Amino acid sequence: MTSRREPLVPRRKPSFSIAIPASIVSDVPHPREKTAKIGLIGRSAAIFRVDEVVVYEDVPGGDSEFIRAVLTYMETPQYLRKALIGMRPELRYAGILPPLRTPHHPLRARSGELRDGEFREGVVVKKVRSGCLVDIGVERPLLAPGLRARPGERLTFMVVRRRGSLSLRAVRAEDVPYYWGYKVRVFRGALRDLLSSPDYDLVIGTSRLGVQVNEVAEELAGRLASSSRVLIAFGGPDRGLYDMAGEEGFDLEEVCDFVLNTVPYQGVATVRTEEAVLATLAILNFLTAPRNKREPRAS
């Protein structure tokens with residue numbers, strides 16, 4: 001009996017990073033609602049294969065660590081959460097978060113179902129003479145021969161099945177050929193420094209005051225095709241990117257390659273940041289999707 005396999009979608013080219021402000025949850029007072037709003041961000045990031053979520057501190061004493069904790073919890077495979085995260089007050093309402101169902105969140109939990117060459121996230125359980133024992137979400141830890149790592153360390157592994165025996169080989173997460181979740185980091189510098197970072201070769205700001213995306217779609221598609229790392233920045237509930245740039249004293253259009261209105265002719269007074277993230281990523285996904293190709297599927 002064979003199990004139905006989920007489609008394995010290749011890594012995105014170019015790589016997408018999104019920058020969201022720490023003030024994104026400032027308009028909702030209760031931690032439950034804050035958690036739900038962050039959950040929409042994490043879900044959108046996974047749907048559109050975002051590789052990095054940057055939380056920038058646009059206000060002092062904001063919720064950057066709360067946002068990082070929730071997004072990190074969402075990204076961490078279920079079987080690793082107890083060992084890597086544990087009980088934290090920020091995660092009191094984590095039960096309402098939607099599952100990501102990305103390739104690194106497998107549902108199969110038996111070693112007999114593991115396939116040679118598949119990838120798994122794992123946490124080192126114990127050092128032994130021949131390597132390390134690793135928990136990858138099956139009924140028993142598996143040996144990673146020759147591995148030297150600290151107990152509690154999270155790594156990416158390839159399953160090796162030979163003559164009925166199972167073992168693991170550590171690999172770089174970047175070497176997994178299909179989408180493997182997002183990383184989360186907090187940026188505590190000035191917004192201008194983030195938007196001017198040499199880490200990105202294309203920077204897109206989003207604003208209701210920006211140019212309508214349909215007016216520059218062809219140029220934007222060309223720039224996306226020739227870029228390797230793209231940063232897409234979003235404003236907050238009370239202040240947009242133009243407001244923040246004005247307070248810092250710089251010209252937003254000088255540091256961004258594009259400032260886009262991705263919801264032209266909006267039918268509501270304001271578009272919330274989590275809504276703008278979903279709408280913007282959907283448009284950029286369309287512009288970067290391969291043409292005349294069927295969605296790749298596992299064999």
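Author: Two residues are in contact when heavy atoms of theirs lie within 4.5 Å. The model is a predicted one, in which local features need pLDDT of at least 70 and side-chain atom pairs count only at pLDDT 80 or more, while totals for chains, interfaces and linings use all residues. Residues are numbered from 1 along each chain as its sequence is written, and side-chain values use heavy atoms, with hydrogens and water left out.

Reader: With which residues is Thr-262 in contact, leaving aside its neighbours within four places in sequence?

Author: Thr-262 is placed in the loop between β11 (258-261) and α8; helices (H or I, at least four residues) and strands (E, at least two) are DSSP runs, numbered from the N terminus. With a relative accessibility of 10%, Thr-262 counts as buried, a term that means under 20% relative accessible area, whereas exposed means over 50% and partly exposed lies in between (1.4 Å probe, protein chains only). Its C-alpha atom is separated by 9.3 Å from that of Leu-281, 19 residues apart along the chain. Apart from neighbours within four places in sequence, the contacts of Thr-262 are Val-213, Ala-276, Thr-280 and Ile-283.

Reader: Which residues does Leu-260 touch, not counting residues up to four places away in sequence?

Author: Leu-260 belongs to strand β11 and is buried, its relative accessible area being 0%. Between the C-alpha atoms of Leu-260 and Phe-187, 73 residues apart along the chain, the separation is 22 Å. When residues up to four places away in sequence are not counted, Leu-260 touches Ile-204, Gly-205, Thr-206, Ser-207, Gly-210, Val-211, Val-213, Val-216 and Leu-220.

Reader: How many helices and strands does the protein chain have, and what radius of gyration does the chain have?

Author: The secondary structure consists of eight helices and 11 strands. For 299 residues the globule rule gives 19 Å, to which the chain's value is close, so the chain is as compact as a globular protein of that length. The rule is 2.2 Å times the number of residues to the power 0.38, and the radius is taken over C-alpha atoms. The radius of gyration of the protein chain is 21 Å.

Reader: What percentage of the contacts with a separation of 6 or more comes from residues 24 or more positions apart?

Author: The C-alpha trace spans about 60 × 50 × 35 Å along its principal axes. Buried residues account for 48% of the 299 residues. Among contacts in the chain with a separation of 6 or more, the share of residues 24 or more positions apart is 74%.

Reader: What covers the buried residues of α1?

Author: Helix α1 (residues 31-47) has 17 residues and reaches 24 Å from first C-alpha to last, close to the expected 24 Å; the expected span is 1.5 Å times one less than the number of residues. Its buried residues are Lys-34, Thr-35, Lys-37, Ile-38, Gly-39, Ile-41, Gly-42, Ser-44, Ala-45 and Ala-46. Their cover includes β1 (15-21), β2 (52-56), α2 (64-75) and α8 (273-288).

Reader: Why does Lys-34 count as buried, and which residues does Lys-34 touch?

Author: Lys-34 lies in helix α1 and counts as buried because its relative accessibility is 12%. Not counting residues up to four places away in sequence, Lys-34 touches Val-25, Val-28, Pro-29, Asp-63 and Phe-66.

Reader: How far apart in space are Val-54 and Ala-19, C-alpha to C-alpha?

Author: Val-54 lies in strand β2 and counts as buried at 0% relative accessibility. Ala-19 is among the residues that Val-54 touches, as are Phe-187 and Tyr-200. Although Val-54 and Ala-19 are 35 residues apart in sequence, their C-alpha distance is 4.6 Å.

Reader: Is Arg-163 buried or exposed?

Author: Arg-163 is found in the loop between β6 (154-162) and β7 (165-171). Its phi is near 50°, a positive value in a residue other than glycine. With a relative accessible area of 89%, Arg-163 is exposed.

Reader: What phi does Arg-101 have?

Author: Arg-101 lies in the loop between α3 (81-84) and β3 (119-128). At 45% relative accessibility, Arg-101 counts as partly exposed. Although Arg-101 is not a glycine, its phi is positive, at about 55°.
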